[in-house]
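Look at the model first, then read on.

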Amino acid sequence: MAATSLFSCSMHTEMLAPKTLKGSDVLCCPKSNFLSMKKSSKLEQMKTILQTDGIHSNALKVERAPYFSVGQKFQLDDVIEAQQFDRDILNAIFEVAQEMESIEKNSPGSQILKGYLMATLFYEPSTRTRLSFESAMKRLGGEVLTTENAREFSSAAKGETLEDTIRTVEGYSDIIVMRHFESGAARRAAVTAGIPIINAGDGPGQHPTQALLDVYTIQREIGKLDSIKVGLVGDLANGRTVRSLAYLLAKYKDVKIYFVAPDVVKMKDDIKEYLTSKGVKWEESADLMEVASECDVVYQTRIQKERFGERVDLYEKARGKYIVNKDVLKVMQTHAVVMHPLPRLDEITVDVDADPRAAYFRQAKNGLYIRMALLKLLLVGW
Amino acid sequence: MAATSLFSCSMHTEMLAPKTLKGSDVLCCPKSNFLSMKKSSKLEQMKTILQTDGIHSNALKVERAPYFSVGQKFQLDDVIEAQQFDRDILNAIFEVAQEMESIEKNSPGSQILKGYLMATLFYEPSTRTRLSFESAMKRLGGEVLTTENAREFSSAAKGETLEDTIRTVEGYSDIIVMRHFESGAARRAAVTAGIPIINAGDGPGQHPTQALLDVYTIQREIGKLDSIKVGLVGDLANGRTVRSLAYLLAKYKDVKIYFVAPDVVKMKDDIKEYLTSKGVKWEESADLMEVASECDVVYQTRIQKERFGERVDLYEKARGKYIVNKDVLKVMQTHAVVMHPLPRLDEITVDVDADPRAAYFRQAKNGLYIRMALLKLLLVGW
Amino acid sequence: MAATSLFSCSMHTEMLAPKTLKGSDVLCCPKSNFLSMKKSSKLEQMKTILQTDGIHSNALKVERAPYFSVGQKFQLDDVIEAQQFDRDILNAIFEVAQEMESIEKNSPGSQILKGYLMATLFYEPSTRTRLSFESAMKRLGGEVLTTENAREFSSAAKGETLEDTIRTVEGYSDIIVMRHFESGAARRAAVTAGIPIINAGDGPGQHPTQALLDVYTIQREIGKLDSIKVGLVGDLANGRTVRSLAYLLAKYKDVKIYFVAPDVVKMKDDIKEYLTSKGVKWEESADLMEVASECDVVYQTRIQKERFGERVDLYEKARGKYIVNKDVLKVMQTHAVVMHPLPRLDEITVDVDADPRAAYFRQAKNGLYIRMALLKLLLVGW
């Protein structure tokens, strides 16, 4: 799909995704020819709908879900970057994610992706992310093709372009989850592919499903996304996680962000300027205890040793500076939580784990629900 | 199975594979004990049939498919080399492959291999081929065990023989798809195994499923295999693909083959002599434009840099010599097609891709249908 | 689960695992919420049962299986080491394994783990063991998440602890099969995890499923485990297989063990002392022919070259010393068998393979049944 329309929002009642017209039993047993499935353009969708009779009015009722204005419909084609989502879409995705939490083994809901095949095309290994996607697919009855060494496909090996690889793999699967070492690779894949692409991280660029699960976790843990205070702690210069999170939080009202980082890894100006332009309040602080006592969320991150090269002394100094430990817990409010994208070293001490406010393992689990939701939305629609 | 009877053709109406006698519902739910399944010998098959009553006459009707003489039956045991197939078998396989193209998601046809387990035993990685087989298996409801680093099993690691490995893996699976670095390895595996073996490439030797998909693509694109003109272009000395294709084309009538290759990678004499002995017309040409204007199929291949060692100058000279570009398209006939086994570098320019005669991505997709057909034929029969 | 209660044996008729109360159809379609499944403590199990009415008496009848005293029940939580099993449990597991041998493709029995997800978390590759587990899971209808390079997760890569990894992976799966390079890693994982852990080998420590399949094979081949004579041959110093086997054999009555090993790799004193303390008769012998003529089982093992470092001369001398060949077969009794954990080099000559007493490939296959049994017992109970 063209990157310029990663996302289409139809404004008329007639513009429903064809799959939503098929009735509920279709969710378990879609009859489309799986070997020639294409993402239809909006125009083609309209034609399909105009040719469809009888079940039309019924479908509209199904569509009038509470979180959409009557007659509006989101159609998700690819997941490329965190910025593609506005708060309505985010809320809608989160509602689906929450439904995913209560799907039971061997229930009809656990089979909605039966017959679908996901390819994990990983140009660099990321076992954690891959397992999460593969679990999500299988939890919904789908099947998986795994490639952890996709560089063999790439120009590094025999000189094939990413575009050619995508055209081949889309012949074997219904959706591609791609991890790549180059920024922008996911967008190039999405432009080429006739099937949905999910960006599972492209170099220093984007990792949108991580950003979504972070925001989802705040909503699940704190109960709201407006009027919250979030402390971002640790390596703010290099962490794409905290950068994406800042972007997404800017979509909500009355958010206050605190940056708590060692001098060598401070948050960069582009994000600060973006937040200011969006009217988001932020401040830098060197006092983790004070920030922790103020915030709803303390989002800790790992200092990335690999960014320091030979300056091990700088790394060691930065690493020890802000640790979330029992003392920090003591000043945090009862309803507040500690989050972390994992893996952690010792920037959160293990004696914090048992505290109910330690949300990082629940956060990792939320990645499963977010990915289940996205796979469902991309493959069978709302 | 013994390599000398890779293939058995029974000449009497009584000699039907037992599985074909079980009726259509058996395709979805075979009741054989999956943990002790053996390929039965023809003699055992006969005994089974003689003990079977009542449904015999019915089965015969089913068997009288149009592409077999009455009472003849092919039983496919292993897929080891392109030469094992004659044109009747090829046609029969292609008919099954074409049926595979129209199997719909979650239809009964998509479950014919439910309960079967395929092991991909790859002694050297080939993600493209592996994904194609695994997709094929899963598209038919089967399951997959993946090994991409099977050398760990091999004498290179602890000294186990291929035969011992096969005896172990056949205990865990119903069919083995094997890629090996040694010519003849697939045949050795087939001799050892009590379950079907598919050769997914053994060193410089054979890659029969690639050869099948090439011929299948010609039939699908051109509509016939007799009376065609095929131009083989590029690295004809080292490409096992073009060598296998030449072997298979020799089984058809009134075929004309053109060889268009840089001097250093010309087609070898053994193939030329084979074609002559089979009455196939061939000629060498240095004029790609003229060949392209004559041919039904222009089969382009990549010049394999790794074959040139340190003679990079020779590689660069050979590589640029014959390029399929828009100028070549202009002289090609409307019904003709460009094929390529992939991956490509720049021997076909990307501006060719949009032309409907660019068949190489459809060709890759045909690999899926051919492999689905072979898996079905080897595991549940015709 | 706490390592100190790897295994719990309830002494009252009320203490049944909840899943056993659900009736036979539940085996195919359990309705538990799969995303929040926890191993319930015995206390919680009791509460569940006390709240359950109507089907109680029925369930008790089901439970009165012949191999348990009335009202006694084993609940298997993790599989960590061979020593955790006593002979009653071993017998019970073997009965389940034998049931597994006769499960037919697409029968209800082949779907008892449908909806369950097993993660193979392998910190070092072991294709043979991994395939065996994955085949077992899929033969029972379950699904698999594969990681063969789990070291990426580990402290070696970014410094994450095993405990954190386990907490993440348990969010994605229902059971973890773990291979690790450190002795004791499986126990640490089991203490952390809320889902079952199976040790698939932890460094020089334990490989309990190999030990179970060895004992199971003796029972299947010889028909008994009491009053047998077993010759352990080859590398007895380094082979964890023979050490575990010796431990397990000590649980049976009137067992006699012969050690036949080259001088440099003799059985160590700890095992000899353990056997003596348990009243097991043993002796060392340098005469393979005499031992072979006495024994029910000749258990041959590979001399592990990697243990000899640069002393290739010592390795070569040890390696050739005790070979099981046709001459050994000649003196063996008709009912006796040759076993080997595989892979083998030439310590058993290939001309032995065709003899019906060559049990090593059947032994490998038994690994599948044992693993099927353990997966069933850990996930859905007896």
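Contact here means heavy atoms within 4.5 Å. By that rule, 11 residues of domain 1 of chain A are in contact with five residues of domain 2 of chain A. The model is a predicted one.

**The two domains**
- The domain assignment of chain A gives domain 1 as 104-206. It gives domain 2 as 209-365.
- Taken over C-alpha atoms, the centres of domain 1 and domain 2 of chain A are 29 Å apart.

**Buried area**
- Between domain 1 and domain 2 of chain A, about 540 Å² is buried. Carbon and sulfur atoms give 42% of that area.
- On the domain 1 side, Arg128(A), Phe133(A) and Gln206(A) lose the most area to domain 2 of chain A. Together these three account for 51% of what the domain 1 side buries.

**Links across the interface**
- The rule finds zero salt bridges between domain 1 and domain 2 of chain A.
- It does find one residue pair in polar contact across this interface, with both residues at pLDDT 80 or more.

**The domain 1 side**
- Two elements of chain A each give two or more residues to the side of domain 1 that touches domain 2: helix 4 (127-139) and strand 6 (197-202).
- Strand 6 of chain A gives the largest share of that side, four residues.
- By class, the side of domain 1 of chain A that touches domain 2 has three nonpolar, five polar and three charged residues.

Key: Residues are numbered from 1 along each chain as its sequence is written. Chains are lettered from A and ligands numbered from 1 in the order in which they are written. This is a predicted model: local features need pLDDT of at least 70, side-chain atom pairs count only at pLDDT 80 or more; totals for chains, interfaces and linings use all residues. Side-chain values use heavy atoms; hydrogens and water are left out. Domain bounds come from an automatic or database domain assignment. Buried area is the accessible area (1.4 Å probe) that two parts lose on being put together, summed over both. A salt bridge is a side-chain nitrogen of Lys or Arg within 4 Å of a carboxyl oxygen of Asp or Glu. A polar contact is a pair of N or O atoms within 3.5 Å; within protein, one must be able to donate a hydrogen and the other to accept it, and residues adjacent in sequence count only if both atoms are side-chain atoms. Ala, Val, Leu, Ile, Met, Phe, Trp, Tyr, Cys and Pro count as nonpolar, Asp, Glu, Lys and Arg as charged, and the others, Gly among them, as polar.
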